[in-house]
Amino acid sequence: MTSRIGKPNTDTDTALHDRLAGDGNRHFVMVAGAGSGKTTSLVKALAEIERTQGPDLRRNGQQVACVTYTEVAVDEIRGDVGNDELFHVSTIHSFLWTVIKPFQNDLRDWVGNRLHEKIAEEQEKIDKPRTREATKIRSAENMERYKRQLTEIGAVKSFRYGTGSDYANGVLGHSDILKIGPDFIAGHALMQTLLTRRFPVIFVDESQDTDPAFVDALRKVARAVPLGFCLGFFGDPVQKIYMQGAGPIPSEEGWETLEKPENFRCPQAVLRVINRIRAEDDQLEQTRGRHVVVNGEDAPVEGSARVLILPADDLRQERLEKARRWLAEQDDDEGWLEEADEEALRLLVLVHRMAATRLGFPNLYSAFNDRSPEDLSSGLIDGTAWVARPFLSYVLPAVLARHKGREFEIMRLLRKHCPRLQPDALAGADTAGLLNSLQGQIGELVAMLEAGSDVRIGDILRFMRDNNLMAFDERYLELIDLYAVTAKPISEPATENAALRFMQCDATELWGYRKYIEKMSPFATQQGIKGAEFDKVIVVVDDQEGRTNTFSYGKYFGLAPISATDRGHIDAGRDCVIDRTRRLFYVCCSRALSDLAVVVFAEDTAQMREALLAKGFFEQESIYVLG
Ligand SMILES: Nc1ncnc2c1ncn2[C@@H]1O[C@H](COP(=O)(O)OP(=O)(O)OP(=O)(O)O)[C@@H](O)[C@H]1O
């Protein structure tokens, strides 16, 4: 038994198990605060289904689908329920791909329509009288390319799912899958029947951040199939931290709303803080808090929740280290200095310039973050930025595998990514010669990524393209060409040159970046820790670092003025920067199992203290100004 499944059932768990066992409408929404055990309820419900319905489902070749937000969350749930084939645990993308993959002809039609749409969009740009000449030329070129692709897709044998779309080669990208999946599910009755037959139960975890079109498509299925199918959402609207998430999931007629009043994770001191934070949102007040057994008695943990205000100058890194030492001394607890144990301490930073500098990838960070387009800046945090993918999933793992002498792993990576090892290319090839040459080229990559090699990221990509080590999509090929003809380093960040700036970074910066992405440092992003918990949590608040309009602690704490746009959003009752920052702060503070410290960098520390006192989240005696 794993830790989650082993937890005692709450009344809500019992109510859910009864519902799952019933033969009426079984759809439900479980909505509850942080640490209330939503994921625990989900895995316990899976175990209950296995126990009571497992043999029948297996006999019918059916599965229970559990869709969640990240690979990390998939692993967590898998860790609880094991590798049982009865459960199909996956991210949204991979679930949608499983569902739509068999419909190859429909996929081809969809791509055809999409290309027609793109052609029409470009034509519209050309037709606008105020479009600049250079833009018109680019649009005309794009149109030609799309038209060419229209003829090429006829020859595609079957479509695959990859990171970026490359229609001519049969590759559908992340964003395509997210459009096609809900379209197909919502639009085809046959699809709905097949879906519910194969997956008579579908659970969606972290529903507040799930794509709204996907949620709507599933709702439609639930309406169409009220009996014999069970759709269950688990979420917390106050933990929505991605702009595009669905937020609250309204219940429908016949559905049950299940609530969980307790918080099982946080100690009393932290529970008081997060209840106050939440009082400004939906006012849900959680009860109980974490308990431990002391001398045979179940007792609540008091824990701690403090704020340390530090001057925002260019000594931030040193000051943060000093603050950790201060906490260690105050508590006589070396845990605050922990560097390696992931579960013991996490430092949560909103944006990572500080971590980037410390880990040795300041330029790469700047390329992704400063005036960069949304897909790069948000992809920086979780490693999904399209320019970074080949390195994180292929090049760096291959080089590491060579360092460790794991040739088998290198072959696995090459087989997956290298066009020269695909079945079509291998037919009639001199396999031994090919393998030798590939081995040699991996050796060259190792040397290029060694400290002091003076190689740029773009050089590595050119090497890979020239030796056909990877199938690049068109966007990437254009970028490699652009890098090749741009001799001068770019000094001024601009949206359109972000990817090129990435290409011009020292290749060795990739190692620090990998370390950060793989969470091999005590730092984690504030958005990246959904669903997780740590013994000690340090939330680093530093508005100077953030250069986006998505979050602002200054505005949230009432120190920075709100803009006219913000005012417009507030007046219209729309989601605004203050709401988003509050939710992020709530998620961060609610990760602590024992101790929470919020480290705030402020231009004016006294003023910040006043602002925090006025907010009233923390007790007066728990707010410290450290010089
Ligand atoms: N019934 C229970 N009894 C005791 N502890 C529990 C119970 N349910 C959950 N817990 C513990 O509470 C903590 C939080 O549980 P879980 O991660 O499932 O909550 P969650 O609601 O998904 O959290 P969040 O939304 O904040 O990510 C875990 O340490 C879990 O082991």
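**Note on the predicted model**

1. Confidence. The average pLDDT of the protein chain is 90. A score of at least 70 is reached by 95% of the residues. This is a predicted model. For the complex, the predictor reports an ipTM of 0.99 and a pTM of 0.80.

2. Domains. The protein chain splits into four parts: domain 1 (11-100 + 200-262), domain 2 (102-178), domain 3 (270-350 + 526-625) and domain 4 (361-518). Domain 1 is given as two segments, and so is domain 3. Between the C-alpha centres of domain 1 and domain 4 there are 37 Å.

3. Ligand shell. Which residues come nearest to the ligand? They are Ala-34, Gly-37, Thr-39, Thr-40 and Phe-264, out of 19 residues around the ligand. The shell holds three nonpolar, 10 polar and six charged residues. Domain 1 (11-100 + 200-262) and domain 3 (270-350 + 526-625) each supply at least three residues to the shell.

4. Main core. The largest nonpolar core has 95 residues. Val-270, Phe-502, Cys-589 and Val-599 touch the most other members. Strand β17 (residues 592-602) is the top contributor, giving nine residues to this core. In soluble globular proteins, nonpolar side chains tend to be buried together.

5. Val-599 in detail. Leaving aside residues up to four places away in sequence, Val-599 touches Leu-308, Leu-310, Leu-320 and Ala-323, as well as Ile-538, Val-540 and Val-541.

6. The loop between β7 and β8. Tyr-242 sits in the loop that runs between β7 (230-235) and β8 (256-260). Gln-244 has its place in this loop too. Are these residues partly exposed or exposed? Tyr-242 counts as partly exposed because it has 17 C-beta neighbours inside 10 Å. Gln-244 has 12 such neighbours inside 10 Å, so it counts as exposed.

7. Tyr-242 pairs in space with Gln-208: the C-alpha atoms are 8.8 Å apart, and the sequence separation is 34 residues. Gln-244 and Thr-210 are also 34 residues apart along the chain, with 7.9 Å between their C-alpha atoms.

8. Glu-206. What is the phi of Glu-206? Phi is near 50°, a positive value in a residue other than glycine. Glu-206 lies in the loop between β6 (201-204) and α9 (212-224). Because Glu-206 has 26 C-beta neighbours inside 10 Å, it counts as buried.

9. Asp-454. This residue also has a positive phi without being a glycine, at about 55°. The loop in question lies between α18 (431-448) and α19 (457-466). Is Asp-454 buried or exposed? Asp-454 counts as exposed, because 9 C-beta neighbours lie inside 10 Å. Glu-206, by contrast, counts as buried.

10. Glu-474. Helix α20 (residues 474-485) contains Glu-474. With 15 C-beta neighbours inside 10 Å, Glu-474 counts as partly exposed. How far apart in space are Glu-474 and Ser-165? Their C-alpha atoms are 8.6 Å apart, although 309 residues separate them in sequence.

11. Glu-619. Look for Glu-619 in the loop between α26 (605-615) and β18 (623-625). Glu-619 has 14 C-beta neighbours inside 10 Å, so it counts as partly exposed. Ala-269 is 350 residues away along the chain, yet the two C-alpha atoms are separated by 9.5 Å.

Definitions and conventions. Residues are numbered from 1 along each chain as its sequence is written. This is a predicted model: local features need pLDDT of at least 70, side-chain atom pairs count only at pLDDT 80 or more; totals for chains, interfaces and linings use all residues. A residue is near a molecule or strand if its C-beta atom, placed from the backbone, lies within 6 Å of it. Ala, Val, Leu, Ile, Met, Phe, Trp, Tyr, Cys and Pro count as nonpolar, Asp, Glu, Lys and Arg as charged, and the others, Gly among them, as polar. Domain bounds come from an automatic or database domain assignment. A nonpolar core is a set of buried Ala, Val, Leu, Ile, Met, Phe, Trp, Tyr and Cys residues joined through C-beta atoms within 7 Å. A residue is buried if 20 or more other C-beta atoms lie within 10 Å of its own, exposed if 12 or fewer, and partly exposed in between; C-beta atoms are placed from the backbone. Helices (H or I, at least four residues) and strands (E, at least two) are DSSP runs, numbered from the N terminus. Two residues are in contact if their C-beta atoms, placed from the backbone, lie within 7 Å. pLDDT is the predictor's confidence in each residue, from 0 to 100.
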